[in-house]
Amino acid sequence: MSVAVRSARSPLAFRFTALALVLLASLAAWPGPAAALDTAAREAILIDMTSDTVLMEKDADQPMPTASMSKIMTMYMVFEALDEGRLSLDDRLPVSEYAWQKGGSKMFVEVGDRVRVEDLIRGVIVQSGNDASIVLAEALAGSEEAFGQRMTDRARELGMENSNFMNATGWPHPDHYSTARDLALLAERLINEFPEYYHYYAELEFTYNDITQGNRNPLLYRDIGADGLKTGHTEEAGYGLTASAERDGRRLILVVTGLGSAQERADEAARLMEWGFREFEAVSLFDAGEPVVAVDTWMGSPDSVDLVPREDLSVTVRRVVRDELSVSVRVEEPVPAPIAAGDRLGTLIIRAPEQPVREVPLVAAEDVARKGFFGRVTAGAVHLVTGLVE
C-alpha cells in the first residue's frame, strides 16, 4: 500500500484533503456489472454476496414468470414467522382439500392430515411441493390469495420493487412475476437473516408418506460449493434456478431463467458459477471501526480524530485488472468540535476499471469535545501566528 497526502493548510478555514491509497482490490457494493459474459439464459444475474458486487447480468430487471422460485419468498415468510414465534417447527398444520388437490410437484400430503411444520418446510424446499406451500400459506394468512398479498407487501419492504405474487407456489398467473435482480436480493436476505434454517436447502432428499424425492437443485450434485436454493419450471418460464455457492470464504448468488431444458439449466448454472469463482477475487479492505485516516479537529480535544467505516468492507475485482484500482478519502478539515462518535465526516472513494465509482461514508471513531475557553484562545492564537508566518 502506498500513501500520498495532498492538502493546502489554511488557518481558520476548511480544507480539502485527498488521501490516495493504492490497493489490489475492488469495491464492495458496486451496483453495476464488472464484466460482460454471454449466457444462454433469457435473464441472469451473478452476484458476489461477500461484497455485493454484480459480476454479470442480462436483462436482470425484466419482469418474468418465476415458477417455483417463488417458493423462496414463501419460505422467507415462513422463516420470519418462526423467528417471531407465530410458528414452531413442531406445530402441526391441517391439510385442506384445496392444498391436497393442487397439481404440479407435490409432497403428497393427505387431506385432513396434520403435518409438522418442519416436514412441510422440507416438502417445499427439497420436494418443491405445491401442496406443502399452500398448507403453510393457509396457516399463516387464512388463504393462499391473502398470503400472496402478504408476500407482495413484504417483498416491497425488502426492496423488491419489480415483484408481485399472486400465490405461494409460483403457479402461472399473468400478475405473478419477479426479476432476476429481485430474486437475488431475496436469496441474499434469506441467507443472511435465517442462517439457522438455511441448511434445509442443502438436503439432497426427503421422504414423506413413504415417498422419497431428491432435491431438484442440480448444483448440489456438483462439487462447486453449492448449498441452495430453488429451481423453477413452467412452459412460459422455461427452466430457471436461483442458486448459491460458497468457496474459500466467498459466496456467489446466481439467478438464471428461460433455459430450454433441465440439462441446459444445470450446465449453464455450473458454468457461470465456475466463471465467477475463477475470474474474480475478493479482498478485505477495511474492518468496521478500523482507522482509515486521521483528520484535524478545530477547537477540539483531542486535536485529531480517526475516520472509520461503519461496516466491514470487502471488495471483489477481476484478477486481470486488480492492479488498476485506486482508493482515496475526501474530507474537509479541520472538523469543528464538538464531534459525536458516528458522525459522518468523510467519504471513501474507490475507482476500478469496469466499475462505477463507489463512495462509502467514513465516520468519527470517538467523541471529540470542544476545548474550554482558555484552550480555544490558545488554539486561535496558534492558528493566527501560523497564518502570519505562512
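**Charged side chains in a predicted model**

Arg265 is buried (under 20% relative accessible area, with exposed meaning over 50% and partly exposed in between, for a 1.4 Å probe and protein chains only) yet has no salt bridge, and the nearest side chain of opposite charge, Glu264, is 9.4 Å away. A salt bridge here is a side-chain nitrogen of Lys or Arg within 4 Å of a carboxyl oxygen of Asp or Glu, and Lys and Arg count as positive and Asp and Glu as negative, while His and the chain ends are not counted. This is a predicted model, in which local features need pLDDT of at least 70 and side-chain atom pairs count only at pLDDT 80 or more, whereas totals for chains, interfaces and linings use all residues. Residues are numbered from 1 along each chain as its sequence is written, and side-chain values use heavy atoms, with hydrogens and water left out.

**Helix α7**

- The side chain of Arg265 reaches the backbone oxygen of Gly240 at 3.1 Å.
- Glu268 and Arg271, three residues apart in helix α7 or about one turn of the helix, meet through their side chains in a salt bridge of 2.9 Å, N to O.
- Glu268 counts as buried because its relative accessibility is 9%, whereas Arg271, with a relative accessible area of 37%, is partly exposed.

- A search of the whole structure finds 21 salt bridges.
- Among them, Arg181 forms a salt bridge with Glu57, the closest N and O atoms being 2.6 Å apart.
- That pair links helix α6, which holds Arg181, to strand β4 (residues 53-58), which holds Glu57, across 124 residues.
- Glu274 and Arg247 also meet in a salt bridge, at 3.3 Å from N to O.
- In this pair, Glu274 lies in helix α7 and Arg247 in strand β10 (residues 238-247), 27 residues apart.

**A network and a surface patch**

- Asp90, Arg116, Glu118, Asp119, Arg122 and Glu203 are linked in a network of salt bridges.
- Glu203 lies in the loop between α6 (180-193) and β7 (205-208), and counts as buried because its relative accessibility is 18%.
- Asp287, Glu290, Glu311 and Asp312 gather in a surface patch of negative charge, a patch being made of residues with over 30% relative accessible area and no salt bridge, where like charges are joined within 9 Å and nonpolar side chains (Val, Leu, Ile, Met, Phe, Trp, Tyr) within 5 Å.
- Glu311, in the loop between β15 (304-308) and β16 (313-318), is exposed, with a relative accessible area of 59%.

Methods. Accessible areas come from the Shrake-Rupley method with a 1.4 Å probe; for residues, only the protein chains shown count as cover. The place of a charge is taken as NZ of Lys, CZ of Arg, CG of Asp or CD of Glu. Helices (H or I, at least four residues) and strands (E, at least two) are DSSP runs, numbered from the N terminus. A polar contact is a pair of N or O atoms within 3.5 Å; within protein, one must be able to donate a hydrogen and the other to accept it, and residues adjacent in sequence count only if both atoms are side-chain atoms.
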